[in-house]
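Colleague: I am new to this one. Could you show me the model, then let me ask how you reach each label?

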2 protein chains.
Amino acid sequence: MILTVTLNTALDITYRVRSLRPHASHRVSDVIERPGGKGVNVARVLAALGHEVTATGFAGGATGQVLRGHLSATPGVTDALVPIAGATRRTIAVVDDLSGDTTQLNEPGPQISPTEWGLFLDRYEELLAPASAVALSGSLPPGVPVGAYAGLIRTARAFGVPVLLDTSGEPLRRGVAARPDIIKPNSDELAELTGSHEPLRATQDARRRGAHAVVASLGPEGLLAATPEGRWHATPPARIHGNPTGAGDSAVAGLLSGLVERLPWPDRLARAVALSAATVRAPAAGEFDVAAYEELVGRVAVNGVVSAA
Amino acid sequence: MILTVTLNTALDITYRVRSLRPHASHRVSDVIERPGGKGVNVARVLAALGHEVTATGFAGGATGQVLRGHLSATPGVTDALVPIAGATRRTIAVVDDLSGDTTQLNEPGPQISPTEWGLFLDRYEELLAPASAVALSGSLPPGVPVGAYAGLIRTARAFGVPVLLDTSGEPLRRGVAARPDIIKPNSDELAELTGSHEPLRATQDARRRGAHAVVASLGPEGLLAATPEGRWHATPPARIHGNPTGAGDSAVAGLLSGLVERLPWPDRLARAVALSAATVRAPAAGEFDVAAYEELVGRVAVNGVVSAA
């Protein structure tokens with residue numbers, strides 16, 4: 001079983017409007033609701049790849065109930081979310097029919113009490129015992145200590161469970177120091193962590209800070225990986241058009257499934273890039289197009305990178 | 001008891017952002033949720049004025065449950081909403097911190113089945129018997145016949161209950177022909193109904209089409225009323241700055257409470273204008289500032305209008 005942790009789950013709502021104009025009134029033509037938060041997206045992609053997944057984190061309020069209802073309808077995903085008094089946040093993605101561009105509105109997360117955080121830590125240890133790998137994804141809700149991920153990484157390491165961290169800012173900085181097996185920052189997150197805007201230099205630097213492997217997502221340029229086994233740049237066969245929401249989470253699912261299946265790094269990266277591209281191409285945000293994935297996975301170019309600047 | 005009918009209730013959500021920029025990502029700093037739909041707003045203002053109110057219409061799904069939870073916490077309002085299989089719509093108002101301007105996103109309403117519509121009609125007749133007045137407010141959700149308001153007006157008249165209609169487009173056109181006691185269109189709705197952009201001429205024309213009294217809301221210019229007892233223009237003492245959301249619903253509450261209390265028309269209009277202005281001035285959309293109302297109500301100018309162009 002692969003464990004995904006989403007401390008700041010969300011009810012993701014997608015609206016279609018003709019064209020968003022500030023300070024005007026808009027009739028929404030289409031409403032899609034799905035369970036969200038980065039780790040929940042990872043869980044759904046892992047389940048679609050045939051892995052058994054358990055999703056933990058927090059959920060509460062009417063929005064949390066709706067989220068759990070959607071999750072219970074997702075085959076292959078076991079709901080192990082910890083109930084809280086606060087209400088799960090909503091995110092609203094407003095997609096323009098004319099341009100296809102998306103405007104995002106993200107509610108802040110609910111306040112987590114010390115008791116709720118303690119209940120989560122107990123649940124996390126119970127769930128780690130049978131886990132083959134764990135993904136820690138996304139932002140921290142108010143009330144969760146900024147060093148939370150660092151603690152969760154140390155616990156996973158104590159259980160001998162490989163751990164992937166996908167977050168940003170101070171939680172990422174502290175998490176890296178706890179020596180996670182993989183981090184998957186995007187270019188901005190990596191630059192913020194290392195101070196370098198040169199991806200090759202920055203991935204090397206992030207490894208020196210404690211991450212065993214660093215897989216930087218470079219958007220349409222694919223993935224750049226610095227690992228103990230070598231360095232690679234994996235690129236999709238063509239520029240993919242569509243909605244990039246959830247593409248990074250699909251990459252995480254590709255990396256984790258490849259780790260659990262003991263694939264060599266180049267195969268993990270090819271899978272991650274193909275899943276990412278198939279997510280961009282899917283009509284609904286955060287879903288992936290299975291046919292596109294299968295067509296793309298053999299066509300991803302994975303090239304060794306010889307020298308770090 | 002005053003009855004309010006809201007066929008398209010809503011869970012109204014207000015977000016504060018620094019400044020809404022299309023195709024960017026925004027962190028919402030503040031989330032306010034309140035029960036909405038125009039008739040529900042009318043009910044809340046009537047209750048705040050000390051009237052006993054019953055709110056009917058439709059509610060369903062998780063959003064409907066949240067709406068009913070908020071409503072049950074509103075003193076003076078009795079929840080007589082009819083449960084439906086579909087989910088109550090959400091409306092999102094995004095308020096810019098910098099400019100104070102609002103961007104509105106309105107979900108379409110849920111589909112109402114013929115059985116649900118039949119259950120509502122039974123409930124409506126039960127509720128009319130003890131009612132002293134009824135307000136029919138807002139748009140029709142999918143599945144409700146376009147002549148719905150016309151039928152509800154005829155039923156109210158058969159029960160001898162005075163009825164106010166506040167809607168737009170074809171439901172307004174058909175409703176007017178059923179001879180409601182009062183309609184409260186805004187300038188655009190009135191122009192659409194009558195074909196005239198000249199408010200005085202248009203209010204007279206709307207009376208000829210069947211409305212006993214027409215109270216046109218002219219935004220910051222106040223209210224223009226054409227009634228069997230005379231014609232008046234009621235204007236606030238000063239230009240009021242703020243959020244106009246719900247101002248029209250507060251005006252309806254002013255008119256209906258004045259009708260039930262058998263106030264002369266000029267007093268009803270003064271109350272409606274003061275409530276409207278106090279709603280624009282309140283910090284939360286659709287609330288009204290009681291102190292502002294009490295300060296303003298004696299300062300509204302109500303002038304007789306001598307001639308219709």
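**Cavities and helix packing**

Modeller: Start with the second largest cavity, at about 30 Å³. Keep in mind that this is a predicted model.

Colleague: What makes it a cavity, and not a pocket?

Modeller: A 1.4 Å probe fits there but cannot get out, so the space counts as a cavity. The structure holds two cavities of 30 Å³ or more.

Colleague: Which residues line the second largest cavity?

Modeller: The lining is A:Leu7, A:Asn8, A:Thr9, A:Phe58, A:Ile84, A:Thr88, A:Arg89, A:Pro110, A:Ile112 and A:Pro141. By class, that gives six nonpolar, three polar and one charged.

Colleague: What makes a residue of that lining charged?

Modeller: Arg counts as charged, and A:Arg89 is in the lining.

Colleague: What is the volume of the largest cavity, and which residues line it?

Modeller: Its volume is about 40 Å³. Around the largest cavity sit B:Leu7, B:Asn8, B:Thr9, B:Phe58, B:Ile84, B:Thr88, B:Pro110, B:Ile112 and B:Pro141.

Colleague: How many residues of this lining are nonpolar, polar and charged?

Modeller: Six are nonpolar, three are polar and none is charged. Asp, Glu, Lys and Arg are the charged types, and the residues lining the largest cavity are Leu, Asn, Thr, Phe, Ile and Pro.

Colleague: On to the helices. Why are H8(A) and H9(A) called roughly antiparallel?

Modeller: H8 (residues 247–260) and H9 (residues 265–281) of chain A pack at an angle of about 150°. The label applies over 145 degrees. H8(A) and H9(A) are therefore roughly antiparallel. Their axes are 7 Å apart, and the crossing is right-handed.

Colleague: Which residues make that contact?

Modeller: From H8(A), they include A:Ala247, A:Gly248, A:Ala251 and A:Leu255. From H9(A), they include A:Trp265, A:Arg268, A:Arg271 and A:Leu275. The contact of H8(A) with H9(A) has 10 nonpolar, seven polar and two charged residues.

Colleague: Why are H3(A) and H4(A) called roughly parallel?

Modeller: H3 (residues 114–128) and H4 (residues 148–158) of chain A pack at about 30°, with axes 11 Å apart. Angles under 35 degrees get this label. H3(A) and H4(A) are therefore roughly parallel. H3(A) passes H4(A) in a right-handed crossing.

Colleague: Which residues of H3(A) and H4(A) meet?

Modeller: A:Trp117, A:Phe120, A:Leu121, A:Tyr124, A:Glu125 and A:Leu128 of H3(A) meet A:Ala148, A:Leu152, A:Thr155 and A:Ala156 of H4(A). By class, the contact of H3(A) with H4(A) has eight nonpolar, one polar and one charged. Glu counts as charged, and A:Glu125 is part of this contact.

Note on methods
Residues numbered from 1 in each chain as written. Chains lettered and ligands numbered in written order. Predicted model: local features only at pLDDT ≥ 70, side-chain atom pairs only at ≥ 80, totals over all residues. Heavy atoms only, no water. 1 Å grid on protein atoms, 1.4 Å probe; cavity = no way out; pocket = protein on both sides within 12 Å on 5 of 7 lines; lining within 4 Å. Points joined across faces, edges and corners; volume = space filled by probe spheres on them. Axes fitted to C-alpha atoms, helices over the stretch in contact; angles between N-to-C directions. Helix = DSSP H or I, 4+ residues; strand = E, 2+ residues; numbered from the N terminus. Parallel < 35°, antiparallel > 145°, perpendicular 65-115°, else oblique. Left-handed = near helix turned anticlockwise from the far one by under 90°. Contact = heavy atoms within 4.5 Å.
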